[in-house]
Amino acid sequence: MAIRPVFKATSSGSTLVETIEVEFEWHAGLSVSQKRKSIASLHESACMTAGCSNVLEVSSRSILPLGVGLSAFNLSFEGPDHRQMSVECAFQGSKVFEGGGPFADLYRETSLNARRDTRLKKSGQLIGFSYFGQDWPLEPKTVFYDWLYVNALHRAIPLAKELKHFDGFTDIEFNPTKSYNCQAHSVALHQSLLNRGLLQEACRSQSGFIKIMTSQSKEGTCDIIPTQSAFNF
């Protein structure tokens with residue numbers, strides 16, 4: 001047995017994304033077929049215990065093309081330099097460490113190469129992010145990743161339209177004990193912002209996004225003063 005989170009968008013209240021831990025039967029093995037067995041078990045449990053009726057796996061392991069397309073490895077957008085990059089490349093390339101970064105050359109790499117770049121492990125402690133000259137903090141913990149993902153999804157209109165059919169989102173590879181950022185959480189966040197009429201404001205500027213995230217967060221406010229000018233994503 002294993003436990004994984006299921007993320008649900010909300011329409012009101014102080015929590016933008018509801019996270020429900022679900023226990024399910026884990027099918028050991030690295031093959032896609034084994035992963036998909038685990039996903040099916042997770043979704044069955046989510047429908048039984050988390051009040052979901054239709055759950056989407058957001059990863060390259062998804063059985064649905066929509067879920068595969070929404071993987072951060074595959075979801076791409078046009079950056080300020082008018083070139084396409086994936087969310088994964090944008091996130092990895094923007095990391096700033098005590099000993100180096102950002103590594104903007106990773107914006108042009110494949111998602112897998114960007115994830116595996118040795119500089120990301122040899123440059124010391126992560127201290128923040130810098131995306132085309134715009135600095136982002138480490139707190140709230142997922143704010144920069146969520147901003148990248150939500151903006152990219154906001155522009156991927158055909159994919160975003162299909163999300164209305166789902167009320168829960170998972171990522172079979174995400175383990176909250178090992179990492180913070182999760183593409184399934186970001187999808188649920190996009191839907192929550194849409195439900196609340198906050199999506200346009202959230203995507204308009206860095207300051208607008210951080211304001212929404214911190215005002216809805218139970219963890220307190222951000223410890224930096226965000227830039228007030230709009231930024232061309």
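Reader: Is β1 largely enclosed or open, and how many of its residues are buried?
Author: In this predicted model, six of the eight residues of β1 are buried, so the strand is largely enclosed by the rest of the structure.

Reader: What does β1 pair with, and in which sense?
Author: With β2, in the antiparallel sense, over eight bridges.

Reader: Moving to α1. What span should helix α1 have, and what does the model give?
Author: The helix covers residues 32-49, which is 18 residues. At 1.5 Å a residue it should span 26 Å, and the end C-alpha atoms are 25 Å apart, so the two agree.

Reader: Which residues of α1 are buried?
Author: Gln-34, Lys-35, Ser-38, Ile-39, Ser-41, Leu-42, His-43, Ser-45 and Ala-46. On the general point, an α-helix has 3.6 residues a turn, so residues three or four places apart point the same way.

Reader: And what covers the buried residues of α1?
Author: The cover includes four strands: β1 (2-9), β2 (17-24), β3 (55-57) and β9 (168-170).

Reader: What follows α1?
Author: Gly-51, with a positive phi near 70°.

Reader: You listed β9. Where does Thr-170 sit, and is it buried or exposed?
Author: Thr-170 lies in strand β9. Its relative accessibility is 0%, so it counts as buried.

Reader: What does Thr-170 touch?
Author: Leaving aside residues up to four places away in sequence, Thr-170 touches Pro-5, Val-6, Leu-42, His-43, Val-55, Leu-56, Glu-57, Val-58 and Ala-184. Leu-42 and His-43 are also among the buried residues of α1.

Reader: Change of topic: pockets. What volume does the largest pocket have?
Author: About 1,100 Å³.

Reader: How many residues line the largest pocket, and which lie nearest its centre?
Author: The lining has 35 residues. Nearest the centre are Glu-88, Gln-92, Arg-115, Ser-179 and Asn-181.

Reader: How does the lining divide into nonpolar, polar and charged?
Author: It has 14 nonpolar residues, nine polar and 12 charged.

Reader: Which elements each supply at least two residues of that lining?
Author: The helices are α3 (87-93), α4 (111-116), α5 (119-122) and α6 (143-155). The strands are β6 (95-97) and β7 (126-131).

Reader: Take α4, then. Is Arg-116 buried or exposed?
Author: Arg-116, in helix α4, has a relative accessible area of 61%, which is over the 50% cut-off, so it is exposed.

Reader: Now α6. How many of its residues are buried?
Author: 11 of the 13, so α6 is largely enclosed by the rest of the structure. The buried residues are Val-143, Phe-144, Tyr-145, Asp-146, Trp-147, Leu-148, Tyr-149, Val-150, Asn-151, Ala-152 and Leu-153.

Reader: What about the span of α6?
Author: Its 13 residues should span 18 Å at 1.5 Å a residue, and the end C-alpha atoms are 18 Å apart, which agrees.

Reader: Why does Trp-147 count as buried?
Author: Because its relative accessibility is 1%, and buried means under 20%. Trp-147 is found in α6. Trp-147 and Val-87 are 60 residues apart in sequence, and 10.0 Å apart in space from C-alpha to C-alpha.

Reader: Backbone next. Which peptide bonds are cis?
Author: The bond from Gly-101 to Pro-102 is cis, with omega near 5°. Pro-102 is in the loop between β6 and α4. The bond from Glu-139 to Pro-140 is cis as well, with omega near -10°. Pro-140 is in the loop between β8 (134-136) and α6.

Reader: Where is His-82, and what is its phi?
Author: His-82 is in the loop between β4 (76-78) and β5 (84-86). Its phi is positive, near 65°, in a residue other than glycine. Most residues other than glycine have a negative phi. His-82 is exposed, with a relative accessible area of 59%.

Reader: And Phe-132: what is its phi, and where is it found?
Author: Phe-132 has a positive phi of about 50° although it is not a glycine. It is found in the loop between β7 and β8. At 32% relative accessibility, Phe-132 counts as partly exposed.

Conventions. Residues numbered from 1 in each chain as written. Predicted model: local features only at pLDDT ≥ 70, side-chain atom pairs only at ≥ 80, totals over all residues. Heavy atoms only, no water. Expected span 1.5 Å × (residues − 1). Buried < 20%, exposed > 50% of the residue type's maximum accessible area, 1.4 Å probe, protein only. Contact = heavy atoms within 4.5 Å. 1 Å grid on protein atoms, 1.4 Å probe; cavity = no way out; pocket = protein on both sides within 12 Å on 5 of 7 lines; lining within 4 Å. Points joined across faces, edges and corners; volume = space filled by probe spheres on them. Nonpolar A, V, L, I, M, F, W, Y, C, P; charged D, E, K, R; others polar. Pairing = 2+ DSSP bridges.
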